[in-house]
Structures are given as C-alpha cells and as structure tokens.
Amino acid sequence: MSKLPDPDQTRRSFLKFLAGSPLFAAMPFQDDYVIKNPAEAINVLEFEAAARKALPPAHWGYLSTGTDDDATIRANREGFSHYQLRTRRLVNTTNIDMSVDLFGTKWETPIVLAPSGTLFHPEGATAVARAAQTQKTLQILGGVQEQTHHIDEVMKARGGPVWYQLYASQNMDMTLQTVKRIESAGCPVLVWTVDILGGRNLETAQRLRRLDTRQCMSCHDRDPQVRPGQAGRNTLTWDTLRRLKDATRMKVLVKGIESPEDADLCVQSGADGVIVSNHGGRSTESGRATIDSLPEVIQVVRNRIPVLVDGGFRRGTDVFKALALGARAICIGRPYMWGVAAFGTPGVETVLAILRREFNLVMAQCGKHSIAEITPASIVHAGR
Ligand SMILES: Cc1cc2nc3c(=O)[nH]c(=O)nc-3n(C[C@H](O)[C@H](O)[C@H](O)COP(=O)(O)O)c2cc1C
C-alpha cells in the first residue's frame, strides 16, 4: 500500500519553495525591507538600514563603527536585557507627564540628542536643530560639528539655546577662548567629553573606508582617513576640570564617565553633572554596557548632581530602565544620526516622536504618571 504524504513535510517543502522563489523576494514583508520615508518607520531601528542605503561606504563606516571588534556596541544593547520591568495593572493613566527638569529648564521628555562631530547631511546640526525645535527636545551640539555650523546659526534654527560639547585642547588658552566664545553665545551648559583622550581604534571605519573609491580630499579640507589607534599623549587631568569650572558661569558636565571612582572625582572637582557614556562603544573596547555602569555611578553620586546616560538607547523601555536606575535623562546618538543622514529634519523628528510614544506607552503599562514615580522598585535585575 502506498504511504500518504506527511502533511508537515509537504508544508515544509512548500515554504522552502516559496522562500527561494523570486515572487517571495518581491513581497513587501521581507525582513530586509528598507523604509523609503520616515512615515513608514515602525521603530527607530528601521532608520539604520535607510541610513546605510543613503550613505557611501566610508561615511557609513564612520557612523556605524565601534572600537576593535565592536563588542562594546553590542554590550550596550545587550545590557538592557539585564533589567526587567515590573508592570502594574488597573491604574488610571489618563494623564502622563513625561517632563524633566535639567538645571532649571523643563523639557517635555527625558530624551536628549547626544553630540556628534559629523552628521552626514549638508545642513548638519541646523537640520537636527529644526527637529529639536518642533519636538521640543534638548540638543547637545558637537564641538567638531560647530566648526561648520556655528553655534549662533544652530541656536537660531533651534529657536533657543543648545548645550555645547567640548573637546578640550591640550593648549588650555585655546580651550578657554572657546569656552568664553560659547558662553557669550548664550549657551547654558558645557559638556566636556573625556573618553577618547587615551586614543581609540575604529576598525569598522577603517575596513569600510577601503571600499570607498571616492577622493576624500575633493570634499574634505583635511584628510579624514581613520588610522589604526595609537595611545594618545594626554596632559588633561582633574585639575583641568577645576580650571574649566573657574573659567565659566556655564554649568559643566563631564561626558564619558563609566567608573564610580571617576564619578566621585567629578563631584569633588566641582562638576555640575556627569554623563555615563562610552561614546556609543567608540572609545575603549571595555565590553561593558553603560546601563550596567550606571548603578555604581548613581550609588556614589548620591543625588548630589544629575547623572545622564547614553549608549544603545533604541526603545521606550530602555529609557524607562535607565530612569528606574536613577538617571535624570538619557541621550540618543545613532538613532537620530541615522534619521538625519537618511531623511534630514523629518527623519530626526520621527525618531524623537517614536521614542516619545514608546516611552509614554511603557509608563502607562507600568502605571506611572510622572518621572518621579519611576523608581528602582519599577524594575528587577534579571536573575535576582
Ligand atoms: C558618528 C558619531 C559621532 C560622534 N561624535 C561625537 C562627538 O563629536 N563628541 C562626543 O562627545 N560624542 C560623540 N559621539 C558619541 C555620542 O555623543 C553618544 O555618546 C553615542 O552616540 C551614544 O550611543 P548610541 O549611538 O548607541 O546612541 C559620536 C557618535 C557617533 C555615532
């Protein structure tokens, strides 16, 4: 007697046939679908492929690179899975207030635009500033970016002050001139980035640069070639922080802090705040997520100054977890950089709108009406 065909086997064969068929490849629901405009985006991660498509290899390499094996980029994302949400039910969440206060200014959400030296858009920081204005979002202007888009121009596009990120020069007089200039422009907060003073090794950027056949010097006025990392000859110390503080009325934040010892030294040296950051996995290949560094920093700072954090924030739940661990606000880097590279101002606007919607949703699901209600008891450390 002939055997009847196994229905599971038949279904598997049919699916296998479908997967290999050109018809299947043309269907819009395949995993590698690339959004064509911001309105199509379901989440901020979808802007990554759009930016990759829009940019030539060298630029994409610089935007996406981490250091060495990019392990710290991956750690930043994986770190969020170490924390889980404690949901709450049957809470009336008609009114949810996501606002935070940062140095006397109220912002509608705790989501901040991290500084970038390069924005891969002709209008650079001004394109981002226009989105920051419509989305009522705090923008930190990268000091390197300010060389092409002056702070006055960016503040005009923003319709209000932006914070300024400083790479202090080894020549203190030059640094102090910049600080004075920025202060006179009306900037309220200076963010001093300290995490690449020791040098860094951006390998993905080097690899993708090799694939780019264009002549860099036809657009850049100096050779932007990323070279193998060398140890930096740094002379800047905690004394530099004290000198910066003495030289300005602006608030001074230190960006790039990961260890509690350094956080404590920030407080002792007069910093007004710290940003827990590993430069988006672009400084030291520590392998450690910033979300995992945050609790130790919060513990030692003991509420004396605000602690912000960045690195791998892609979801409203990520924002919630960081706030539950004690961060005052969080910064996003690549998501808005993908947005501006692919679609200009509307790209950044949509990235911010999506994160705001997701954060609002998770606050509702966890029964929170305000940021103050998000506490360590709102999450559990996985495995505990
Ligand atoms: C292309 C690129 C350029 C950056 N340039 C700067 C910079 O000039 N100054 C700075 O302090 N941080 C810079 N950063 C780091 C960001 O401010 C931020 O710390 C990081 O992007 C956060 O991680 P995320 O990209 O995973 O969100 C840069 C990051 C990227 C991806």
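**Ground rules.** I am working with a predicted model, where local features need pLDDT of at least 70, side-chain atom pairs count only at pLDDT 80 or more, and totals for chains, interfaces and linings use all residues. Numbering runs from 1 along each chain as its sequence is written, and side-chain values use heavy atoms, with hydrogens and water left out.

**Helix α8.** I started with α8, residues 172–184. Helices here are DSSP runs of H or I with at least four residues, strands are E runs of at least two, and both are numbered from the N terminus. The 13 residues of α8 reach 18 Å from first C-alpha to last, close to the 18 Å expected at 1.5 Å a residue; that expectation is 1.5 Å times one less than the number of residues.

Next I asked which residues of α8 are buried. I found Met172, Thr175, Val179, Ile182 and Glu183, where buried means under 20% relative accessible area, exposed over 50% and partly exposed in between (1.4 Å probe, protein chains only). Seen down the axis of α8, these buried residues fall within an arc of 100°, so they line one face of the helix; the arc is taken from the directions from the helix axis to the C-beta atoms. An α-helix has 3.6 residues a turn, so residues three or four places apart point the same way. Asp173, Gln177 and Ser184 are exposed on the other side of α8.

I then looked up the packing partners: the buried residues of α8 pack against α7, β6, β7 and α10, with contact meaning heavy atoms within 4.5 Å.

At the N-terminal end, asparagine 171 caps α8, with a side-chain oxygen 3.0 Å from the backbone nitrogen of aspartate 173. Just after α8, I noted glycine 186 with a positive phi of about 100°.

**Ligand site.** I found 22 residues around the ligand, the closest being Pro115, Thr193, Asp310, Gly312 and Arg314; a residue counts if one of its heavy atoms lies within 4 Å. Helix α14 (residues 334–343) gives the most to this shell, with three residues.

A polar side-chain atom of threonine 193 is 2.7 Å from a ligand oxygen. For lysine 255, a side-chain N or O atom lies 3.0 Å from a ligand nitrogen. A backbone N or O atom of glycine 312 sits 2.9 Å from a ligand oxygen.

**Glutamine 206.** Last, I checked glutamine 206 in helix α9 (residues 203–210). Glutamine 206 is buried, at 18% relative accessible area.

Key
A polar contact is a pair of N or O atoms within 3.5 Å; within protein, one must be able to donate a hydrogen and the other to accept it, and residues adjacent in sequence count only if both atoms are side-chain atoms.
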